[in-house]
Amino acid sequence: PDIRIPQIVYPQRIRMNSTGDLFVLDGKQHRILRLSPAGEYKGTVEAEGIPGKATSWVPKSFAIDAQDNLYILDVISSRVLILSPDGKFQKQIGYPQSEGFFSDGAADAQGTIFLLNSVTATIYSAAQNNGAFSLFVKGLKEYVSFPTALAVDRKHIYVLDQNGSGVVLLARDGTFQGRKLKMGWKEGELRYPSDICTNDKGELFIADRGN
């Protein structure tokens, strides 16, 4: 059955942690809400202990790594906030100065962060102990129309092409590995998909708006 939560107005991103709790980004309320595996509302994610003056934040997207740390793309201060599983501030990494906007992010089991710029079709990355992002992949416009979401596992980086209704596969070094799925109305086809994620079993999940 469908799970309907009155506290959620406009869900845009959903992720699951290792205990099965669901985290939902509400695009209108600009907050991340937490649900139990059964869909019970457990409150909102609050960032505790952010240093300096820029303590306010507005999430554009977010990711959860294998240790349940949260990586939040903050559009106010153009940074990624890294929080512990209980919401305590751990670290922040500013966006690359040459890039003003990122649509989505992903984090692998080692804590490497990937950021996707939909307009330029480029991906930046920062290792766990690195304090800055560097260019990881450029030139994706050869393979995608308008990429909007990222997912990553041990073997691949998955780039969701919203306007092209498909998924581009990249190797972990960023090299192009192929393209999957196509636009259509039939089973296994996509029509303007909006989000993508993976689980620890290697399964891929896609939120498709048109089907």
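In this predicted model, strand S2 pairs with strand S3 (residues 31–35) through 5 bridges, and the two run antiparallel. Within this pairing, Leu25 has Ile32 of S3 as its bridge partner.

How well covered is strand S2 (residues 22–26)? The strand is mostly covered, with 5 of its 5 residues buried. Leu22, Val24 and Asp26 are buried on one side, while Phe23 and Leu25 are buried on the other, so that both faces count as covered when buried means under 20% relative accessible area.

Stepping back to the whole chain, the secondary structure consists of 18 strands and 0 helices. The radius of gyration is 16 Å, which agrees with the value near 17 Å that a compact globule of 211 residues would have. Along the principal axes, the C-alpha trace spans about 45 × 45 × 30 Å. Buried residues account for 48% of the 211 residues. Among contacts with a separation of 6 or more, 36% link residues 24 or more positions apart.

As for the surface, the accessible area is about 10900 Å², and carbon and sulfur atoms contribute 50% of it. The chain carries 24 positive and 23 negative charges, whose mean positions lie 4 Å apart.

Notes: Residues are numbered from 1 along each chain as its sequence is written. This is a predicted model: local features need pLDDT of at least 70, side-chain atom pairs count only at pLDDT 80 or more; totals for chains, interfaces and linings use all residues. Side-chain values use heavy atoms; hydrogens and water are left out. Helices (H or I, at least four residues) and strands (E, at least two) are DSSP runs, numbered from the N terminus. The radius of gyration is taken over C-alpha atoms; the globule rule is 2.2 Å times the number of residues to the power 0.38. Buried means under 20% relative accessible area, exposed over 50%, partly exposed in between (1.4 Å probe, protein chains only). Contact means heavy atoms within 4.5 Å. Accessible areas come from the Shrake-Rupley method with a 1.4 Å probe; for residues, only the protein chains shown count as cover. Lys and Arg count as positive and Asp and Glu as negative; His and the chain ends are not counted. The place of a charge is taken as NZ of Lys, CZ of Arg, CG of Asp or CD of Glu. Two strands pair if DSSP finds at least two bridges between them.
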